[in-house]
Amino acid sequence: MSSSLSGKLSIETEAKSSAPALYEALAKRLYEAPKLCPTYIQKVDLVEGNWEEVGAVMNWHLLYEGKTVISKEIYENIDDEKLSVTFKVIGGLLAEAYKSFKFVFQAIPKREGCLGRWIVEYEKLNAEIPDPKQMLQFSAGLTKEIDDNLIMIKSN
């Protein structure tokens with residue numbers, strides 16, 4: 001892999017929810033994502049396999065930059081101990097610009113609340129493709145909205 005075409009970026013978001021609650025929402029209960037995050041996620045369709053299982057394939061219907069886009073992803077890894085989940089993009093918008101693209105989410109416990117860390121690992125198809133910084137911001141915003149809704153549900 002050429003170093004100019006491949007990279008790894010990360011972002012952390014402060015969350016009021018507990019690490020296990022945020023991890024559950026982003027790794028285990030994806031079918032609830034549109035309710036917890038309607039600004040970013042319209043729906044999630046299970047295409048193949050079973051929810052919560054490595055190898056499951058999903059179509060994410062996202063509202064990205066004012067448009068509805070689809071990202072077809074596979075659960076590549078789920079780690080309940082590290083509160084981490086990895087999604088590998090296998091189709092859709094990102095697959096048009098990147099040879100490979102992965103999202104890794106980890107909920108990191110703090111004394112109060114947690115940090116939601118997103119890492120994107122990618123290889124661009126060509127040098128004209130920008131680094132996916134906007135996708136990181138999208139992921140951080142999605143995490144914040146899910147956290148806000150988890151806190152609202154918990155307080156009701």
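Figure 1. Among contacts in the protein between residues at least 6 apart in sequence, 52% join residues at least 24 apart, where contact means heavy atoms within 4.5 Å. This is a predicted model, in which local features need pLDDT of at least 70 and side-chain atom pairs count only at pLDDT 80 or more, while totals for chains, interfaces and linings use all residues. Residues are numbered from 1 along each chain as its sequence is written, and side-chain values use heavy atoms, with hydrogens and water left out. The secondary structure comprises four helices and seven strands, helices (H or I, at least four residues) and strands (E, at least two) being DSSP runs numbered from the N terminus. Along the sequence these elements follow the pattern β-α-α-β-β-β-β-α-β-β-α. The radius of gyration is 15 Å, close to the 15 Å that the globule rule gives for 156 residues, so the protein is as compact as a globular protein of that length; the radius is taken over C-alpha atoms, and the rule is 2.2 Å times the number of residues to the power 0.38. The C-alpha trace spans about 50 × 30 × 30 Å along its principal axes.

Figure 2. The accessible surface comes to about 8300 Å², of which 49% belongs to carbon and sulfur atoms; accessible areas come from the Shrake-Rupley method with a 1.4 Å probe, and for residues only the protein chains shown count as cover. Of the 156 residues, 47% are buried, a term that means under 20% relative accessible area, with exposed being over 50% and partly exposed in between (1.4 Å probe, protein chains only). The mean positions of the 19 positive and 23 negative charges are 3 Å apart. Lys and Arg count as positive and Asp and Glu as negative, without His and the chain ends, and the place of a charge is taken as NZ of Lys, CZ of Arg, CG of Asp or CD of Glu.

**Figure 3. Helix H1 and its N-terminal cap.** Seven of the ten residues of helix H1 (residues 19-28) are buried, so this helix is largely enclosed by the rest of the structure. The buried residues of H1 are Ala 19, Leu 22, Tyr 23, Ala 25, Leu 26, Ala 27 and Lys 28. Ser 18 caps the N-terminal end of H1, with a side-chain oxygen 3.2 Å from the backbone nitrogen of Ala 21.

**Figure 4. Thr 143 in helix H4.** Thr 143 is found in helix H4 (residues 133-155) and is buried, with a relative accessible area of 0%. Leaving aside neighbours within four places in sequence, Thr 143 is in contact with Thr 13, Leu 22, Leu 26, Phe 105 and Trp 118; of these partners, Leu 22 and Leu 26 are among the buried residues of H1.

**Figure 5. Ser 71 and Asn 77 in strand S4.** Ser 71 is found in strand S4, as is Asn 77, the strand covering residues 67-79. Ser 71 is buried, with a relative accessible area of 4%, whereas Asn 77 counts as partly exposed at 36% relative accessibility. The side chain of Ser 71 makes a polar contact with the side chain of Glu 73 (2.7 Å); a polar contact is a pair of N or O atoms within 3.5 Å, of which, within protein, one must be able to donate a hydrogen and the other to accept it, and residues adjacent in sequence count only if both atoms are side-chain atoms. Not counting residues up to four places away in sequence, Ser 71 touches Met 58, Asn 59, Trp 60, Leu 62, Val 89, Gly 91 and Leu 94. With the same exclusion, Asn 77 touches Val 54, Ser 84, Val 85 and Thr 86. The C-alpha atoms of Asn 77 and Val 104 are separated by 8.9 Å, although these residues are 27 apart along the chain.

**Figure 6. Two loop residues with positive phi.** Glu 52 lies in the loop between strand S2 (41-48) and strand S3 (57-64), and its phi is near 70°, a positive value in a residue other than glycine. Glu 52 is partly exposed, with a relative accessible area of 38%. Glu 65 is placed in the loop between S3 and S4, and phi of Glu 65 is near 55°, again a positive value in a residue other than glycine.
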